[in-house]
Amino acid sequence: MLEISALNSFYGKAHILNDLDFSINRGEVVALLGRNGAGKTTTMKSIMQLVHPKSGRVSFDGADITSLPSHKIARLGLGYVPEERRIFSDLTILENLEVGRQKARKDAPVWTVEALFELFPNLWERRNNRGKAMSGGEQQMLTIARTLMGNPKLLLLDEPSEGIAPVIVEQMAKTILRFKEEGLTVIISEQNLHFARIVADRAIILESGEKKFDGTFTDLENQPDIRDAYLSV
Amino acid sequence: MGLFVAQLLTGLANAAALFLVASGLSLIFGVTRIVNFAHGSLYMLGAYFGVMLMQSLPGAVGFWGSIVLSSLIVGAIGIIIEICVLRPVYRAPELFQLVATFGVILVIQDLTLMFWGAEDQLGPRAPGLKSVVRILGEPIPQYDLALIVITPFILLGLWWLISKTRVGILVRAATQDREMVGALGVNQSWLFTGVFFLGSALAGLGGAIQLPKGGADLLMDLNIISAVFVVVVIGGMGSIVGAFVASVLISVLNVFGVAYLPQSTLVLMYVVMAIVLLVRPYGLFGREEKAGEHGQAGEPDRPIRPAGVRGRLFAAALFLALALVPVFGSNFTQVLLTDILIFCLFAASLQFMLSTGGMVSFGHAAFFGGGAYAAALLVTYADSPMELAFLFAPLAAGLLAVVFGWFCIRLSGVYFAMLTLAFSQLVWSLVFQWYDVTGGDDGLVNIWPSAWLSGTTTYYYFTLIVGVGGIIFLRHLIHSPFGYSLRATRDSARQADATGINVTHVQWAAFATAGAMAGLAGGLFVFSKGSVFPNELEIEKSFDALIVVFLGGVKTLSGGVVGAAFMESVKDWLTRLEYWRLILGLLIIGVVIVAPAGIVGTLRGLSERLGLRWTGETTR
Ligand SMILES: Nc1ncnc2c1ncn2[C@@H]1O[C@H](COP(=O)(O)OP(=O)(O)OP(=O)(O)O)[C@@H](O)[C@H]1O
Ligand SMILES: [Mg+2]
């Protein structure tokens with residue numbers, strides 16, 4: 001569904017992604033693992049063209065999206081949930097959801113505001129509040145819900161478990177598993193190996209913008225040296 | 001009591017046009033982050049189109065129809081500007097966008113002159129609203145009352161659009177984080193164009209709707225723009241309600257000012273603004289700006305190096321050639337070169353704070369004119385010798401810069417620029433209106449140099465030595481530890497702070513230095529001309545300096561000097577052409593889009609490709 005080949009991205013002169021290759025199949029949940037600064041966020045931004053790769057190719061459903069503007073990529077069905085959440089804090093929760101709204105797609109689960117409030121009941125209670133006064137967990141739910149309003153086929157979740165309470169993390173894991181049931185393809189960037197193992201089918205490990213591992217969690221367990229070298233446990 | 005109410009009502013009616021223009025500017029800024037300097041020009045176009053249409057469409061329907069139609073036409077012109085001029089520079093630094101909109105001002109000025117001629121156009125009166133109503137015995141024009149009724153409806157309409165519709169939600173979201181809006185599938189280009197249409201249409205509406213009160217003339221663009229800036233700064237950039245409240249405040253203040261403090265109407269507005277900014281730096285309804293919140297990192301600047309051997313030899317040869325000019329050149333050449341040198345020093349002082357300090361000032365003329373006036377005042381009132389008055393120029397300008405700088409450096413980016421502009425307007429209005437002391441429009445005359453410095457050639461040498469000395473001083477400063485600290489604060493205030501640099505002090509000192517050097521240029525100026533007039537303090541003067549720095553090359557050291565020399569030399573020839581503004585405007589827009597590195601940057605790029613080196617080793 002998503003194929004990345006020989007991707008190179010820079011910030012100014014700093015070379016961040018180094019000939020990155022991987023691919024994602026429809027219906028898979030893949031965890032992108034790696035330490036702080038490994039390049040997980042940059043990978044996601046490069047897919048969305050929020051960072052413009054110098055070379056390499058990203059294709060989605062067979063079409064080259066490397067030179068498309070972000071909004072067209074989003075409209076093709078890629079939903080991006082940024083690590084920093086980037087809630088529109090001057091807008092109410094309902095208005096935040098409205099920004100993400102897009103037409104329904106035949107080949108992806110269709111979300112409505114009602115369905116999302118069912119998924120995240122906390123949001124319903126605060127639907128007319130502004131994004132300012134929200135806890136980390138609520139913000140995370142809102143960002144996910146906002147992106148789902150675009151009815152994506154592929155969800156890019158950047159560190160959804162970061163900085164939120166353990167109870168909510170658990171809830172988040174259930175939610176992601178539910179996305180999988182609904183047929184959504186998900187790439188989730190994580191530092192929390194435990195969380196990743198619960199939700200994902202496959203792990204890709206990055207270090208300094210290079211792919212160091214690509215396989216199942218069982219494979220990973222059989223190679224503890226890789227885990228120790230590239231993940232902070 | 002009656003008079004009081006009448007004045008209040010006049011103020012409220014005057015607020016209409018101001019609010020429309022300011023809300024348009026604010027809206028455009030909110031989403032695109034561009035301060036559209038040409039917004040006053042769109043207002044002017046609205047007025048001209050309004051007059052033209054009203055002459056051909058009869059009756060009340062024709063009158064109101066013309067207003068709406070002019071607004072739509074101006075909105076369409078806004079779309080053209082957005083697509084042709086601004087789209088190519090959205091990713092460029094703020095300053096480039098601003099300079100591009102200066103270019104648009106010049107182009108529109110000349111196009112208006114071309115189509116409608118130089119004569120002021122009388123605004124038609126509104127059919128059915130031509131007489132007055134007596135309120136508490138005072139005559140109030142019916143049209144004023146109509147405006148007072150209409151404006152809140154426009155506010156309401158805008159409020160509804162912004163807060164209740166999907167478009168409004170997207171606009172507000174984009175105001176906060178436009179990249180994220182794009183990542184959620186919204187086409188920013190259309191959003192930008194739409195907002196530009198709306199903002200421009202509002203300016204056009206303002207221009208047309210004020211016709212029965214004011215008419216149309218070629219000065220209205222710059223006349224309104226500084227008031228509009230004051231309004232958006234007071235109200236808060238991006239806030240429609242803020243624009244409304246501040247428009248009413250400023251208009252009412254002006255009316256009462258005219259009645260009770262006729263000498264200080266203009267000053268009053270800027271004083272109020274300064275007070276508001278002191279209490280609320282982002283305006284009454286604005287929200288705090290976090291610079292570079294979600295920006296992508298750009299190309300790093302090339303390191304700045306002192307001139308190498310070749311560069312130094314070139315500069316020395318140039319100096320020698322200039323020193324020899326009186327031997328060969330005519331009197332006229334020397335006068336022209338004196339002007340050029342003065343302008344070069346002025347531009348170099350701006351470039352110092354702008355390029356090295358990252359502080360984009362829109363009001364640098366305050367220090368140039370301030371220095372000139374300080375010297376002139378001393379000569380006029382204290383009969384001071386020229387030498388003393390001349391030294392007083394940079395001192396006074398430096399002191400002025402210390403005071404203004406204290407306010408300005410607390411802000412950054414657009415807010416900083418606006419505040420510098422407002423302060424320079426404050427000085428201008430003070431000089432312009434304080435007739436008894438400054439002579440107002442008549443200026444101060446008979447300010448001549450001492451006997452040992454008089455004569456074209458002698459004064460030329462004096463200017464050459466002081467001017468070049470000043471420029472060299474600034475260059476040395478850039479390569480001194482102070483210059484390094486200043487650059488560090490420009491690149492990242494936070495990191496500079498972490499390395500132990502007192503960011504506030506460094507920026508403040510740079511601001512004051514730039515002001516003092518501009519004052520030095522002003523001192524040279526006043527004694528070369530023998531007089532000074534308020535136009536040395538005008539917005540145009542500040543813009544001139546910005547434009548030459550830009551043309552020369554923002555990211556170079558010598559850009560200001562080269563740009564000033566280039567501009568001052570061609571100006572004499574260019575201004576003889578009827579439509580020189582059009583040419584200059586197009587040139588500016590062209591440079592912004594095609595050669596943003598400016599003259600020096602582009603030439604350097606070319607010559608380096610040929611293998612020539614102009615600079616010494618890197619210093620860091
Ligand atoms: N805007 C930026 N400008 C310059 N360098 C950046 C920028 N953003 C990230 N980097 C650098 O790029 C590298 C990769 O960062 P990235 O954010 O992709 O890592 P990450 O794997 O997402 O880390 P984390 O787990 O901390 O989120 C890091 O070395 C980081 O310092
Ligand atoms: Mg990250």
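A residue counts as buried when its relative accessible area is under 20%, and Cys344(B), at 4% relative accessibility, therefore falls in that class. Cys84(B), by contrast, has a relative accessible area of 47% and is partly exposed, since that class covers the values between under 20% and over 50%. With a disulfide taken as a pair of cysteine sulfur atoms within 2.5 Å, the count over all chains comes to zero.

The model described here is predicted, and chain A carries a mean pLDDT of 88, with 100% of its residues at 70 or more. Within chain A, confidence is highest in strand β6 (residues 78-81), at a mean of 94, and lowest in helix α10 (residues 224-230), where the mean is 78.

The magnesium ion (ligand 2) is coordinated in chain A by OG1 of Thr41(A) and OE of Glu83(A), at 1.8 to 2.2 Å. Because Thr41(A) belongs to helix α1 (residues 40-48) of chain A and Glu83(A) to the loop between β6 and α3 (93-100) of chain A, the pair ties together parts that are 42 residues apart in sequence. Both Thr41(A) and Glu83(A) are buried.

At the interface between the two chains, 27 residues of chain A are in contact with 24 residues of chain B, and the area buried between them is about 2,300 Å², of which 55% lies on carbon and sulfur atoms. Of the area that chain B buries against chain A, 26% is supplied by Gln176(B), Met180(B) and Leu184(B), more than by any other three residues. Four salt bridges are counted between chain B and chain A, including one in which the side chains of Arg172(B) and Glu95(A) meet at 2.9 Å, N to O.

Terms used: Residues numbered from 1 in each chain as written. Chains lettered and ligands numbered in written order. Predicted model: local features only at pLDDT ≥ 70, side-chain atom pairs only at ≥ 80, totals over all residues. Heavy atoms only, no water. pLDDT = per-residue confidence, 0-100. Helix = DSSP H or I, 4+ residues; strand = E, 2+ residues; numbered from the N terminus. Buried < 20%, exposed > 50% of the residue type's maximum accessible area, 1.4 Å probe, protein only. Donors = N, O, S within 2.8 Å, 3.2 Å for Na, K, Ca; no water. Contact = heavy atoms within 4.5 Å. Buried area = accessible area lost by both parts, 1.4 Å probe.
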